[in-house]
Amino acid sequence: MKPQSLDATLSPALQQRREQSLYRQRCIVDGPQAVCLSLGGQSVINFCSNDYLGLANHPQLRAALTRGAEQYGVGSGASHLINGHSHAHHALEEELAEFVGRPRALLFSTGYMANLGVITSLVGKGDVILEDRINHASLIDGGLLSGARLQRYLHADSASLDTHLQKIAIKNSAGRRLIATDGVFSMDGDLAPLPALAGAAQQHDAWLMVDDAHGLGVIGRQGRGTVDHFGLAQSQVPVLMGTLGKAFGTFGAFVAGSEALIETLIQQARSYIYTTALPPAIAEATRTSLELVRTGDDRREQLDALISQFRRGAEQLGLPLMASSTPIQPLLIGDSAQAVALSDALLEQHQIMVSAIRPPTVPDGSARLRITLCAGHTPAQIEQLLSALSACLRKVSA
């Protein structure tokens, strides 16, 4: 029998995704990231960006990027361990380490690569990694790739984690134990119970790793993140990962921790060793971004006020919001087709852009609109969003 062509093999699964309202499509944005985007020649209000502090198109960052390109060129030319590690990279690492109160920090090209690199460097066959059930895909994939035994505890449930750890102790497992969690969960918007997780880690001789991609810049003193928000020390959270493409408005990621941790990653993290360093001009722009984050209490206060306004308005309208005090405000819909229809209606009828999030990104039956708020939004735009949500929900559910 003649084998099917590649296209003939793949096409049925793609068609099935379309029929199940799970097919993903890209939109093409003209111009920079902002509260108002140009989408196909039309101006729309953007409520799906992770640019929480509105820094992605900040004039000081643009100027810093230009200066960096003039000094360092565009590409880094090689990996950090060959000749791609510039003064801009090194200075940024030192400044990030100081910002989060750690001895060292190490730049990665993306948060995904950082999580894969850390987890596979710290645990392997014979070890155990314990993860929250709704952790970001990069943490889950890192656990699977590591070869360690992956166990997933109930979401934000330290008692469930403790039960897993007790069972491991009963079996007298001599291997390493790593607990990995989001600081702010990217699709639910809630915070991990870090003090309880840190307590469980210390009680059961485990290490705690926090992916604070959505917390840094937004939460804690001067935006130092969820670990700072809960007042936890490095001894309680020895591994901290943060990304630079969200509240920082640039690109890349970093891991912060002890001298031994960072040197181990330099020696062993394949996603660090075997990839080209991010452009040094980006690192230079991020140094400026870091200073804006440090001094950005006014932006964080504006963001908090907008979050409160939105949640009050949603409650008055009876909108099914999930519990979140962060810029991530999920509106639980359930059905994927209905979530897509609502997202389409908001864009087509009200020029408001909100992403429909569906399985497998979220569990079956929990499709949602993932509304994200930014410091640059105005109170009037929040009211416009609330009005549009109410109108579209009535039409779709009628």
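Colleague: Over which ring does the charged end of Arg-18 sit?

Modeller: This is a predicted model, in which local features need pLDDT of at least 70 and side-chain atom pairs count only at pLDDT 80 or more, while totals for chains, interfaces and linings use all residues. Residues are numbered from 1 along each chain as its sequence is written, and side-chain values use heavy atoms, without hydrogens and water. A charge sits over a ring if NZ of Lys or CZ of Arg is within 6 Å of the ring centre and within 35 degrees of the ring normal. For Arg-18 the distance to the centre is 4.3 Å, and the ring is that of Tyr-23.

Colleague: What kind of aromatic pair do Phe-99 and Phe-248 form?

Modeller: Rings of Phe, Tyr and Trp (its six-membered ring) pair if their centres lie within 6.5 Å; planes under 30 degrees apart count as stacked, over 60 as edge-to-face and the rest as tilted. By this rule there are two aromatic pairs. In one of them, Phe-99 and Phe-248 have centres 6.3 Å apart and planes at 85°, so the pair is edge-to-face.

Colleague: How many residues apart in sequence are the parts that this pair ties together?

Modeller: Helices (H or I, at least four residues) and strands (E, at least two) are DSSP runs, numbered from the N terminus. Phe-99 belongs to helix α4 (residues 87-100), whereas Phe-248 is in the loop between β9 (239-243) and β10 (253-257). The pair therefore ties together parts whose separation in sequence is 149 residues.

Colleague: Are the residues of strand β7 that point either way buried or exposed?

Modeller: Buried means under 20% relative accessible area, exposed over 50%, and partly exposed in between (1.4 Å probe, protein chains only). In a regular strand the side chains alternate between the two faces of the sheet. From β7, Arg-177, Ile-179 and Thr-181 point one way, and Leu-178, Ala-180 and Asp-182 the other way. Six of the six residues of β7 (residues 177-182) are buried.

Colleague: What is the bridge partner of Ile-129 in β7?

Modeller: Strand β5 (residues 128-132) also runs parallel to β7, joined by four bridges. The partner of Ile-129 is Leu-178.

Technical notes: Pairing = 2+ DSSP bridges.
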